[in-house]
Amino acid sequence: MCGIVGYIGRQDALPILIEGLKHLEYRGYDSAGVAILGKDLQIQKSQGHIAALEAKLVQMDGTTGLAHTRWATHGRPSDLNAHPFTDCSGAMAIVHNGIIENFQALKEDLLAKGHTFVSETDTETLVHLFEEHYKGDLAEAVRAGLKKVVGSYAVAVIHRDHPGMLVAARNENPLVVGVSADGEGVMASDVTPLLDFTHEFTFLEDGDLVVLREGEFQLMDLDGEPVERPVHVVDWNLEDAQKGGFEHFMLKEIFEQPQAILDSMMGRIVEEDLTALAPPDVDKIKIIACGTSYHAGLIGKYILESLAGLDTTVEMASEYRYSNLAKESALVVAITQSGETIDTISAVREAKRRGTSTLAITNVVGSTITREADQTIYTRAGPEIGVAATKTFITQLIAIYLLAFALGAKRRTIGAEHLRVLREELRRLPSQVQQVLNNRDLIKGVAEPIHEAHDVYFIGRNINYPSALEGALKLKEISYIHAEGYPAGEMKHGPIALVGEDTPIIAIVVDDPVRPKMLSNIMEVSARDAPVFAVGLEDDVELAKLVDVVIPVPRTNPIFSPVVVLVSLQLLAYFVAHMRKCSIDKPRNLAKSVTVE
Amino acid sequence: MKAVILAAGEGTRLRPLTISRPKVMLRVGDKPILQYAIDALREVGSRDVVIVVGYQKERIQTYFEDGSDFGVSITYEEQRRQLGTGHALLTARDHLDDDFVVIPGDNILDGRMINQLLENRSDITVLITEHAQPRKYGVVELDGDRVSKIVEKPPRRISNLISTGIYHFTHKFLDLLDREVGAGRFELTHAVQTAIEEGVEVKGTLTDGLWLDVVFPWDLLDLNARVLPDAISRKAGTIEDGVTITGPVSIGDGTVIRSGTYIKGPVAIGEGCEVGPSVVIYPTTSIGDNVTISPFTEIRNSVIMDNVAIGGQSYVSHSILDEGSTIGSHFITAAEPKLLLMENELVQIDKIGTIVGENCEISSRVVVDAGRTIGAYCHIEASNRISRDIPDSSRVI
């Protein structure tokens, strides 16, 4: 998915286009670019978030322009591959969302006619194709060019010799145009960037072409025949549109997790694909990460040790460089959602300096970490807007499971039949997560007694000890309640001194060998009058007798239990923060991607 | 023109298939039922859509989001208690300022039918169709093209014409509807009957389009068989040597079809599946995403939802397997003609297999008698014969 936006008017186009791109950020954010038509045609582009483009932008004067934000599903984005593109003469600029199926044939033809290409993209073919047909009439050139194109597109073009004119067309990719009361012409991939200007807009149909000028636009088909499309009036506001009816992005992203898990294992889970995933031979692993990704790493330690038999340690990325190792012998696995976390990137550089191979797990295709690391596994969670990581965290776990399967199969710590069973269990996770989401009303009920607490303790053992840490982090970061995660066995070594009737305990108890120990730890804290809420199995009668409420999770192989446990703890944190009227999507003092040390 | 789609109901008669999704999100052919309405609206250029959601609304919202991927703009309104269709429409009132179209989200329709409705519009226009069992619907009496009477589920047969639930209204109908709902009459058909009595012109347009709705779980198989041949044929993924595919078959990205497998379309297989080696799939079968089908299994005329695993040497015929269920080897559904009791009415079904609810675990060598339903979250131990319906969350030892 990509987003495009265009503007023609009397105001400076640059800030308007950047603002428009931000509205489309949910459609992708791994590279962005802008073209402005003033005295000349000027272009700037950048990898990464729109903020990255904004940071390095130089002022460009002009009141006509185009902009683009890209979400690469495959391929490597770079400044070179970012839109807008220009033709050979540098007079025409284009942005495009879609796939041109016959671009190789078109490109060969254009190369033969002497056009020079700077990138490998299908989009660049379009601009040269239009140039080839350009004889002084921009709309005519686009029309004639598009008649040769097979594929999907929402495309927009400006030309140095046609100030105050923007030509756009659509086939199978969305495009909307509108004109403001002041006569400013705007177009975009969806209505959100237009809402600042007008609430009346027109959707293009497949095969429509629009010529947008100040104060007006004309619609025609690819034969140049005029067409009429109705004008729509919308009465909703902008953020609501992007949230698709959810109250917060975080809630939307929590509910997207079954699909995100499905996407993250797609095409990687069959045996031959797993073989391709395996990194070089190693005998130990060091995971480096920050924040929520660090917790994914801690869970990853249990996964990798038990499935791949590999000695695994986990380090905070910001602390990695302080160890005095001259030579690193472990495979370094770096986990970062954005791929831009500076501490993690620095740690990868340090690891390379110490002479070891590195593997990145990230959500953003082409981000800095993917260029630094030797190998990358993408989590494919899609854009995440809420600052508190939810679906990106869960898909990091999926990536680690797949990595452990690959390593285990290669190292023969997992037999073929065992692998088949594990894969089958992993494939059930999207449905099991859906089961957890179905409990939202019950979890909301548990949030009620917790939302007035000052301190909350999360306890777990084994692979669910890091789940307790992550559950506590989610609660702190969005509800501002002091929360701590502890290994349940550590309680009596100190923290139990703090436990009383006003400190709720959240205990994680699944069907694994540590369950009896967890039950006795629960008795310890409830003996101090602490209210205890458990995340556990629905049919665990013994557990139900010991605690106030059980948030039920489906029975899984214990190694997969952190996934279902943490989805329920995400919902708990969300509802607690909601009851405390916190700013859930943008908690105070926190940024989505931390690019400073 | 704005459109309101009513999608708040659970569809309790479709349990266990609606335990974690609203009826409108059941897949028929290659898309959820609700998407047929959205696609039809886009076809006729009605792009401003209000969806009234309620039960399991998140399933709808995470799939359609703001509508931009489907070529429409979607706003959501929540009907907190599902009282009736009239009450549901009123929740969308703030978004309606002119005339508008109302569509039930659980129908299969196409754009042509909406055009037929709009051709002959009046104060109120209702799209009607002929139906062999009119008793379960709002039955319509016509006088020329004017509707003289509309009765919800009449005890006696008055005509074979029923309301599809697809309407065109002018804005002033909302005041009347408000009064009706205030008086405790929550169904749209009641308000339309009141309008007729008050002298409002209500026209009926008879459609010849394919209008389908789903009432009972078994209807899903019939609907799927009718719709699937129209689905696009497309082959992605990996198809190993030695696979035979005939007829319209679509295979999604990342799916692997292993050697020796025989597929006869119409068949739709989703993304990320692993099928075979040596599996046989006969028409008309829909398979969701992330499904595993082990060797020497035969599947015919069935709907298999996402994340299901079926063991080897199994026979699945005229059956529906809901998402996330794991089924061991030698699972046999006995598909036979059957007389079923549905809502105190005996219905003869030509051939019927099994319904398995979501997230069940069925061990190997389980045989299910024709027409039996295994509820959601059941655990069936090995070598059982299931000869009666099994309630949700049961354990059969």
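1. Two residues are in contact if their C-beta atoms, placed from the backbone, lie within 7 Å. On that basis, in this predicted model, residues 24 or more positions apart account for 71% of the contacts in chain A with a separation of 6 or more.

2. As to the overall form of chain A, its C-alpha atoms fill a box of roughly 85 × 50 × 45 Å along the principal axes. For 597 residues a compact globule would have a radius of gyration near 25 Å, and the 27 Å of chain A agrees with this. Chain A has 20 helices and 24 strands, and buried residues make up 57% of its 597 residues.

3. Where the two chains meet, 32 residues of chain B are in contact with 34 residues of chain A. On the side of chain B that touches chain A, the elements giving two or more residues are α2 (57-64) and β5 (73-78) of chain B. The residues of this side of chain B divide into 17 polar, 12 charged and 3 nonpolar.

4. Chain B also holds an open sheet of 9 strands with parallel pairing, in the order β14-β17-β20-β23-β26-β29-β34-β37-β39. At its edges stand β14 (238-239) and β39 (395-396) of chain B, each of which has a single partner strand, so that one side of each is left without a neighbour in the sheet.

5. Within that sheet, one pair can be followed in detail: strand β20 (residues 274-275) of chain B runs parallel to strand β23 (residues 292-293) of chain B, and 2 bridges join them. Here B:V275 stands opposite B:I293 in β23 of chain B.

Definitions and conventions
Residues numbered from 1 in each chain as written. Chains lettered and ligands numbered in written order. Predicted model: local features only at pLDDT ≥ 70, side-chain atom pairs only at ≥ 80, totals over all residues. Helix = DSSP H or I, 4+ residues; strand = E, 2+ residues; numbered from the N terminus. Nonpolar A, V, L, I, M, F, W, Y, C, P; charged D, E, K, R; others polar. Rg over C-alpha atoms; globule rule 2.2 N^0.38 Å. Buried ≥ 20, exposed ≤ 12 C-beta atoms within 10 Å, placed from the backbone. Pairing = 2+ DSSP bridges.
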